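Biologist: Could you go through this one with me before I set anything up? I'd like to take it piece by piece.

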Amino acid sequence: MAHSVYLGLGSNLGDREANIRKAIALIGENIGLVIRQSSLIETEPWGFESENRFLNGVILVETSLTPRQLLKATQKIERELGKRRKHATRRSPLNSQFSILNSQFKDRPIDIDILLYDDLTVDEPDLKIPHPLMEQRDFVMIPLNEIKPR
């Protein structure tokens, strides 16, 4: 059964556009059919200071993967494209929401966030769907609204 999944993509290290293109190609190979792709927008870092601006976009993918399988697949692609543990966002173990005070946002070659998965809600310590901070982030909502039917 095919599920509609919106993924947020971001990069602020290296050839940002190439990183996103490679991520989209690997998503197509390993996760499912890429149905739609937003424009890429350039944005300031969110949650930390850096001289490196981000390129961000959103894609719609049809996948047969479960949410957990999807998380593992996106994390594998991030690692393949050079994201290391030092680039990852830390989450507070005491708070199931993302906590800016306890987060260490870092520069990264690629970041893939699961924004929406059908109309499903998932609330697990390491997997939150819909993404809990997406509505606070213009770099997510602008490209998402570009490709998501209202």
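Biologist: Let's start with Asn56; which strand is it found in?

Modeller: Bear in mind that this is a predicted model. Asn56 is found in strand S4, which covers residues 54-63.

Biologist: And is Asn56 buried or exposed?

Modeller: Asn56 counts as buried, because its relative accessible area is 5%, and the cut-off for buried is under 20%.

Biologist: What does the side chain of Asn56 make a polar contact with?

Modeller: The partner is the side chain of Thr43, at 2.7 Å. Leaving aside residues up to four places away in sequence, Asn56 touches Leu9, Gly10, Ile20, Ser39, Leu40, Ile41, Thr43 and Phe139.

Biologist: How many residues does H1 have, and how far does it reach?

Modeller: Helix H1 spans residues 16-30, which is 15 residues, and from its first C-alpha to its last it reaches 21 Å, close to the 21 Å expected at 1.5 Å a residue.

Biologist: Now H3, then: which of its residues are buried, and what covers them?

Modeller: Phe139, Val140, Met141, Pro143, Leu144 and Ile147 are the buried residues of H3, and what covers them includes S1, S2, strand S3 (41-43), S4 and S5.

Biologist: Changing topic to the backbone, where is there a cis peptide bond?

Modeller: A cis peptide bond joins Ile129 and Pro130, with omega about -5 degrees. Pro130 itself sits in the loop that runs between strand S7 (127-129) and helix H3 (138-147).

Biologist: What about Asp118, what is its phi?

Modeller: Asp118 has a positive phi of about 45 degrees, although it is not a glycine. Asp118 lies in the loop between strand S5 (111-117) and strand S6 (122-124), and it counts as partly exposed because its relative accessible area is 34%.

Definitions and conventions: Residues are numbered from 1 along each chain as its sequence is written. This is a predicted model: local features need pLDDT of at least 70, side-chain atom pairs count only at pLDDT 80 or more; totals for chains, interfaces and linings use all residues. Side-chain values use heavy atoms; hydrogens and water are left out. Helices (H or I, at least four residues) and strands (E, at least two) are DSSP runs, numbered from the N terminus. Buried means under 20% relative accessible area, exposed over 50%, partly exposed in between (1.4 Å probe, protein chains only). A polar contact is a pair of N or O atoms within 3.5 Å; within protein, one must be able to donate a hydrogen and the other to accept it, and residues adjacent in sequence count only if both atoms are side-chain atoms. Contact means heavy atoms within 4.5 Å. The expected span of a helix is 1.5 Å times one less than its number of residues.
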